[in-house]
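Have a look at the picture, then read on.

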Amino acid sequence: MKTSTRSNLASLVEELGPIPKVYLGGKIREDCWRHLLLKGLRDHKWINGPLSQQGFDYVGPFFVRCGHGCYHHPNQHGAINGCWDEYDQTREEVLYLCTTAIDKADLVFCYIDRVDCFGTLAEIGYAYARGKHIVIAFAPNLVSHDNNDIWFPSQMANKIHFNICLCQLSRLFEKALRELP
């Protein structure tokens, strides 16, 4: 590589800054909302490391796709007690992987569409304690500014958005990336 090309690349990287790392909090489902924001998520696993996207790296969470949804029952986080022993993770492993990913993240973007998102609420608290930039988007008719039973973790967010439908999620996520400090 020519010296001038190296110099140009170095200037471009310096101008753009580091690639942001993103953690997406929220309930994990078989046909998860994360697939709207990420390419290649279905076949990516924790062991593969971050999933590179255009403009950011996705650091977690990752879940197992077995084809018939057995990893997507309640209390499994998409990775516990499924049909493929080689991909099964313990709760301790899931906790470690998720908190380690949050440690790496520049943005923790959460889409909350159910109030029983206990893991997500813990992730928000952990991210807040680690000084992460947090954006929470609530699904339509779940909570409002004046009627929010999730007010405590909401106070930890840098930005909160109410009544966000899935069709708005991509644009809101892109805006959150652009507004990163």
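Let's start with packing. The buried residues of α6 pack against β1 (21-25), α2 (34-37), β3 (56-60), β4 (107-112), β5 (133-138) and β6 (159-161). Here contact means heavy atoms within 4.5 Å, and buried means under 20% relative accessible area, exposed over 50%, and partly exposed in between (1.4 Å probe, protein chains only). Helices (H or I, at least four residues) and strands (E, at least two) are DSSP runs, numbered from the N terminus.

This is a predicted model, in which local features need pLDDT of at least 70 and side-chain atom pairs count only at pLDDT 80 or more, while totals for chains, interfaces and linings use all residues. Residues are numbered from 1 along each chain as its sequence is written, and side-chain values use heavy atoms, leaving out hydrogens and water.

Which residues of α6 are buried? They are Leu169, Leu172, Phe173, Ala176 and Leu177.

Now the charges. There are five salt bridges, each a side-chain nitrogen of Lys or Arg within 4 Å of a carboxyl oxygen of Asp or Glu. Among them:

| Pair | N to O distance |
|---|---|
| Arg130 and Asp103 | 2.8 Å |
| Asp116 and Arg114 | 2.6 Å |
| Glu179 and Lys159 | 3.1 Å |

Arg130 lies in the loop between α4 (118-129) and β5 and Asp103 in helix α3 (residues 91-104), so this pair ties together parts 27 residues apart in sequence. Lys27, Arg114 and Asp116 are linked in a network of salt bridges.
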